[in-house]
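Please look over the sequence and the structure below before reading the briefing. The notes after them are grouped by topic.

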Amino acid sequence: TLPLSYALMQASTGATKEVAQAAISHSKTTESFYALVDGRADLLLVYAPSQDAFDYASQMGVKLLMKPIGRDALVFLVNPANPVQSLTHDQLVDIYTGKSNNWKDVGGEDLPIVAYQRIENSGSQVMMEKQVMKGTPMMEAPKELRTDEMAELIDEVASYKDAPSAIGYSVYYYVHNMYSNANIRMLQVGGVTPDNAAIASGNYPFTQDFYAVVRADASADSSQRKLYDWLTTDEGQTLVTGAGYVAVTGEEMEK
């Protein structure tokens, strides 16, 4: 959500993008919740964290307000030379439990499946565990197949030993708008191509909202609460769409 944070500061203060990039702090998903609870952050634009974040807020006696401001999706990535165009939900689970370890098992060539994962508590890893695995344990990935950064995963899948053996996952917005790579193709899931329309409608299966989050004790006239409230107005949703995201509004939750 870095581009959205920059756009929000530019719209609300008149700052240039360069000033916004220098002024705003970012961290990984779950760590950002810790920062909000500890008072080191005021407003989050963020994907759903691991349960650890909510447990920490509860332990510290801090209540959070969060509401959906947009929608994204978890997408699966392969090299364009891989002939497989679509995988089912069950096939993806089989790959990431280790049950399927050769592409011929899912309609591809006789090549080993090299399945990259993200690190624990990263936003895309939380999405993977919630949206795809749904409680089924993932196989233990060796260190070299578990990447710290989304860009690293994309580059590794694109270039793995010059063979179309690798598969990985990331969030749609990042792959589509922020880090393009000509040697990456997004797979269909169940025959549905991930795009803005399929994500907005929910036809693509692995969609997830992202949120604005503040502490519940933020006063109504505070800057963070004003921005939080504004993001789900028509004007705020226009900003979300203008930044290239799929806009959506939903009910506020207290955590």
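What follows is a briefing on ring pairs, salt bridges, a charged patch and one backbone angle.

This is a predicted model, in which local features need pLDDT of at least 70 and side-chain atom pairs count only at pLDDT 80 or more, while totals for chains, interfaces and linings use all residues. Residues are numbered from 1 along each chain as its sequence is written, and side-chain values use heavy atoms, with hydrogens and water left out. Helices (H or I, at least four residues) and strands (E, at least two) are DSSP runs, numbered from the N terminus.

**Aromatic pairs**

- A search of the whole structure finds twelve aromatic pairs, where rings of Phe, Tyr and Trp (its six-membered ring) pair if their centres lie within 6.5 Å, and planes under 30 degrees apart count as stacked, over 60 as edge-to-face and the rest as tilted.
- The ring centres of Y96 and Y169 are 5.4 Å apart and their planes stand at 70°, so this pair is edge-to-face.
- Y96 in helix α5 (residues 89-97) and Y169 in strand β7 (residues 166-171) are 73 residues apart, and their pair links distant parts of the chain.
- Both Y96 and Y169 are buried, where buried means under 20% relative accessible area, exposed over 50%, and partly exposed in between (1.4 Å probe, protein chains only).
- Y116 and Y160 also form an edge-to-face pair, with 6.5 Å from centre to centre and 80° between the planes.
- Y116, in the loop between β4 (114-115) and β5 (117-118), is 44 residues apart from Y160, in the loop between α7 (150-159) and β7, and both Y116 and Y160 are buried.
- Ring pairs also link F76, Y96, Y169, Y204 and F206 into a cluster.

**Salt bridges**

- Side chains of opposite charge can pair when their charged atoms come close.
- The structure holds six salt bridges, each being a side-chain nitrogen of Lys or Arg within 4 Å of a carboxyl oxygen of Asp or Glu.
- One of them joins D209 and R71, whose closest N and O atoms are 2.9 Å apart.
- Because D209 lies in strand β10 (residues 207-215) and R71 in strand β2 (residues 64-78), this pair ties together parts that are 138 residues apart in sequence, and both D209 and R71 are buried.
- E149 forms a salt bridge with K28, with the closest N and O atoms 3.4 Å apart.
- E149 is in the loop between β6 (146-147) and α7, whereas K28 is in the loop between α2 (17-23) and α3 (29-38), 121 residues apart.
- E149 counts as partly exposed at 42% relative accessibility, and K28 is partly exposed with a relative accessible area of 28%.
- R225 forms a salt bridge with D229, the closest N and O atoms being 3.5 Å apart.
- Because R225 and D229 are four residues apart in helix α10 (residues 223-230), they are separated by about one helical turn.
- R225 counts as buried at 18% relative accessibility, whereas D229 counts as partly exposed at 34%.

**A backbone angle**

- Most residues other than glycine have a negative phi.
- K134 has a positive phi of about 50° although it is not a glycine.
- K134 lies in the loop between α6 (123-133) and β6, and K134 is exposed, with a relative accessible area of 59%.

**A charged patch**

- D52, D55, E120 and E129 form a negative surface patch, for which residues need over 30% relative accessible area and no salt bridge, with like charges joined within 9 Å.
- D55 has its place in helix α4 (residues 51-59) and counts as partly exposed at 33% relative accessibility.

Conventions
Patch = residues over 30% accessible without salt bridge, like charges linked within 9 Å, V, L, I, M, F, W, Y side chains within 5 Å. Areas by Shrake-Rupley, 256 points an atom, 1.4 Å probe, with all protein chains shown as cover. Lys, Arg positive; Asp, Glu negative; His and termini not counted. Charge placed at Lys NZ, Arg CZ, Asp CG, Glu CD.
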